[in-house]
Amino acid sequence: MPEPTSSNAPASTSTPMSAEGLVGSEPQAPLATEAPTPVGRTKKSAYPIEHFVADPDETPVRATDSAVSDAAPRSLWGEAWRSLRRQPLFIISAVLILAVIFVALFPGLFTSEPPNENCLLENSDGGPAPGHPLGFTVQGCDILSRVVHGTQSSLTVGLFATIGVVLIGGLIGALAGFFGGWIDAVLARIGDIFFALPLILGAIVVVQLPVFQQNRNVWTLVVILVAFGWPQIARITRAAVIEVRNADFVTAARSLGVSPLGALVKHVIPNALAPVIVIATISLGTFIVAESTLSFLGIGLPPDVMSWGNDIFSAKPSLRSNPMAIFWPGLALSITVLSFIMLGDALRDALDPKARKR
Amino acid sequence: MAWYIVRRFLQLIPVFLGATLLVYFLVFSLPGDATAAICGERGCTPAVVAGLREQYNLDQPFWIQYLLYLKGVLTFDLGTNFSGRPIATIIAEVFPTTAKLAVMALVIEAVFGIVFGLVAGLRKGKIFDSSVLVLSLIVIAVPIFVLGFLMQFLIGVKLQWTNPTVSGDATFAELLLPAVVLGLVSFAYVLRLTRTSIIENVNADYVRTATAKGLSRRRVVVVHVLRNSLIPVVTFLGADLGALMGGAIVTEGIFNVNGVGNTLYRAVLNGDGPMVVSIVTFLILIFCLANLLVDLLYAWLDPRIRYA
């Protein structure tokens with residue numbers, strides 16, 4: 001078969017280029033006017049003219065294209081931390097979250113006014129006064145103090161609901177993704193059923209049942225939010241686990257005699273954690289919103305628990321005369337949620353290799 | 001295609017049954033007397049309680065109760081609520097308002113979200129893009145009831161451009177503000193989703209081909225980039241239609257709209273079990289159908305997807 005061999009292939013590719021070069025630089029008139037075809041196609045020219053063919057460019061490959069690095073490869077987390085440190089979104093949200101946590105832990109440092117004990121009805125819906133920079137609620141309580149002291153319950157609900165959702169949803173998703181087959185089918189169908197019932201809708205239905213009405217507190221609310229919030233994390237975990245499940249290192253571990261469960265716990269889950277952490281961070285904000293939405297509807301936390309949602313609920317009737325009583329707890333709520341969502345965004349950029357490429 | 005529709009429809013049935021079973025179980029089988037709400041603080045005599053339990057099938061074993069309820073749903077006979085009104089009539093009365101509200105919100109979030117997302121995606125990294133991104137983050141973070149009160153106070157009370165609350169007629173103009181509030185959060189999600197999708201697709205091979213064969217920029221963007229970028233957006237919008245119906249609880253509460261959400265909220269507060277279960281069933285049904293619709297839209301949007 002007269003196929004072009006490997007020896008003449010570079011010649012044929014380089015010739016058009018060199019022919020052009022000849023036209024431009026050297027006064028080789030006959031060649032320039034002759035079509036370039038004979039030069040490229042035949043090895044032996046029909047014309048007895050000397051040919052000047054430039055040497056093929058030797059491109060040194062190694063020097064430019066090889067990525068030589070003596071440093072030890074960084075882990076996903078090390079890489080993520082390096083890119084996070086330089087991201088303004090991460091720095092802002094991390095500072096905000098630390099501040100919110102600090103306020104929740106030590107509310108006394110930010111206001112000397114007691115939130116409940118010093119409420120005078122003569123101050124009802126009053127504007128800012130010396131010592132009370134944000135004014136008063138309808139009960140005559142100091143708004144600043146109530147906002148500061150309300151941080152704790154909102155954060156507690158959000159944090160523990162997220163932990164619960166990650167544990168339950170993560171476990172279910174990991175089992176479904178890793179074992180596949182009928183386990184996956186059953187768990188996926190159960191997830192679909194819960195998915196058809198939006199978080200707030202399900203929570204509203206359940207929260208008003210007698211069994212929950214009789215023990216309304218932070219923990220029952222956490223249970224309800226977890227019960228309706230887990231499918232999302234389960235889906236994410238399942239997808240991530242399926243991606244990792246067939247990786248070479250898992251096969252290697254299995255062939256070395258690691259049990260399926262051991263492989264799942266020691267090798268698959270740590271490597272499937274990144275997207276779960278991102279979604280968990282964002283859902284922390286979602287759960288804080290859910291808590292305050294339920295409290296705002298008057299069916300979340302009991303009225304004696306201080307929370308932003310409850311304060312907005314009790315400020316509702318006096319919206320027209322004292323909108324600031326809604327505005328301040330709403331602002332605190334929004335900033336907290338915003339910082340968690342921003343953190344999730346920053347983490348996604350750092351942890352998701354697909355997003356990083358862009 | 002017809003076979004695909006049938007199959008997808010059949011797949012909906014277990015989800016629907018499971019979800020209604022879950023709600024029915026939660027409302028009627030958790031500890032606590034489901035009829036307590038009718039009798040109030042003083043309680044009814046045992047004879048009355050027994051009569052009520054019989055009327056609402058609560059004296060039957062749980063499975064029989066549920067099957068009787070399903071039979072009611074399938075024959076459009078939802079029974080009466082605790083105040084004795086037929087539930088089907090109440091839903092028929094309030095549903096049009098909520099449907100109007102939800103569709104208006106959906107249109108608002110889809111149109112503005114896609115347009116803003118398209119522009120932001122095409123100008124990735126420019127000022128418009130970054131400012132729209134920051135703005136969308138803020139919109140996502142502010143809870144809907146804070147947003148609702150803020151807009152009600154500013155637009156309804158201070159500026160008086162529209163009524164702060166909605167009358168019984170629920171006219172188009174009155175529903176505009178609640179619809180904007182309802183759609184605003186999802187608007188931010190639609191925007192971000194469209195933007196990401198556009199950025200992914202704008203460098204695709206078929207876009208280069210379209211440009212290379214001499215199509216105008218407008219045609220390339222609208223027909224090739226946008227259409228192919230809309231798939232994740234449509235998924236979101238479909239799932240969101242169900243969420244809007246549920247999310248309407250808060251919005252309808254703020255703006256005093258007499259819709260499904262408000263009715264559900266009142267039923268929940270009154271402990272009206274049959275009413276709650278029926279409305280939630282209805283919402284689940286809408287949610288499932290919306291998702292089915294989305295699946296069918298895929299085929300139309302993406303020529304690569306063909307259902308055998």
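Start by selecting A:Ile269, which sits in helix H13 (residues 260-271) of chain A. Keep in mind throughout the tour that this is a predicted model. A:Ile269 is partly exposed, with a relative accessible area of 30%. Show its neighbours next: leaving aside residues up to four places away in sequence, A:Ile269 touches A:Ala174 and A:Leu264.

Is A:Val95 buried or exposed? Its relative accessible area is 51%, so A:Val95 counts as exposed. Select A:Ser339 as well: A:Val95 and A:Ser339 are 244 residues apart in sequence, yet their C-alpha atoms are 8.8 Å apart in space.

Next, bring both chains into view. Colour helix H8 (residues 181-195) of chain A and helix H1 (residues 2-29) of chain B, whose axes come within 8 Å and cross at roughly 65°. The crossing of H8(A) and H1(B) is right-handed. Which residues make the contact? On the H8(A) side, pick A:Asp192, A:Ile193 and A:Phe194. On the H1(B) side, pick B:Pro14, B:Val15, B:Gly18, B:Ala19 and B:Leu22. Taken together, the residues of this contact are six nonpolar, one polar and one charged.

A:Phe194 belongs to helix H8 of chain A and A:Phe228 to helix H11 (residues 218-245) of chain A, so the pair ties together parts that are 34 residues apart in sequence. A:Phe194 is buried at 16% relative accessibility, and A:Phe228 is buried too, at 7%.

Move across to chain B for another pair, B:Tyr189 and B:Phe236. Their ring centres are 5.8 Å apart and the planes meet at 40°, so these rings are tilted. The pair links distant parts of the chain, 47 residues apart: B:Tyr189 is in helix H8 (residues 172-201) of chain B and B:Phe236 is in helix H10 (residues 217-255) of chain B. B:Tyr189 is partly exposed, with a relative accessible area of 36%, and B:Phe236 is partly exposed at 23%.

While you are in chain B, select B:Phe112, B:Phe116, B:Phe128 and B:Phe187, which ring pairs link into a cluster.

Back in chain A, look for charged side chains over rings. A:Arg235 lies over the face of A:Phe195, at 3.8 Å from the ring centre. Then select A:Lys316, which lies over the face of A:Phe296, at 4.4 Å from the ring centre.

The last stop is B:Thr281, in helix H12 (residues 273-301) of chain B. Buried or exposed: what is B:Thr281? B:Thr281 has a relative accessible area of 6%, so this residue is buried. Show what surrounds it: not counting residues up to four places away in sequence, B:Thr281 touches B:Phe16, B:Thr20, B:Tyr69 and B:Val73.

Conventions: Residues are numbered from 1 along each chain as its sequence is written. Chains are lettered from A and ligands numbered from 1 in the order in which they are written. This is a predicted model: local features need pLDDT of at least 70, side-chain atom pairs count only at pLDDT 80 or more; totals for chains, interfaces and linings use all residues. Side-chain values use heavy atoms; hydrogens and water are left out. Axes are lines fitted to C-alpha atoms, for helices over the stretch in contact, and angles run from 0 to 180 degrees between N-to-C directions. Helices (H or I, at least four residues) and strands (E, at least two) are DSSP runs, numbered from the N terminus. A crossing is left-handed if the near helix is turned anticlockwise from the far one by less than a right angle, and right-handed if clockwise. Contact means heavy atoms within 4.5 Å. Ala, Val, Leu, Ile, Met, Phe, Trp, Tyr, Cys and Pro count as nonpolar, Asp, Glu, Lys and Arg as charged, and the others, Gly among them, as polar. Buried means under 20% relative accessible area, exposed over 50%, partly exposed in between (1.4 Å probe, protein chains only). Rings of Phe, Tyr and Trp (its six-membered ring) pair if their centres lie within 6.5 Å; planes under 30 degrees apart count as stacked, over 60 as edge-to-face and the rest as tilted. A charge sits over a ring if NZ of Lys or CZ of Arg is within 6 Å of the ring centre and within 35 degrees of the ring normal.
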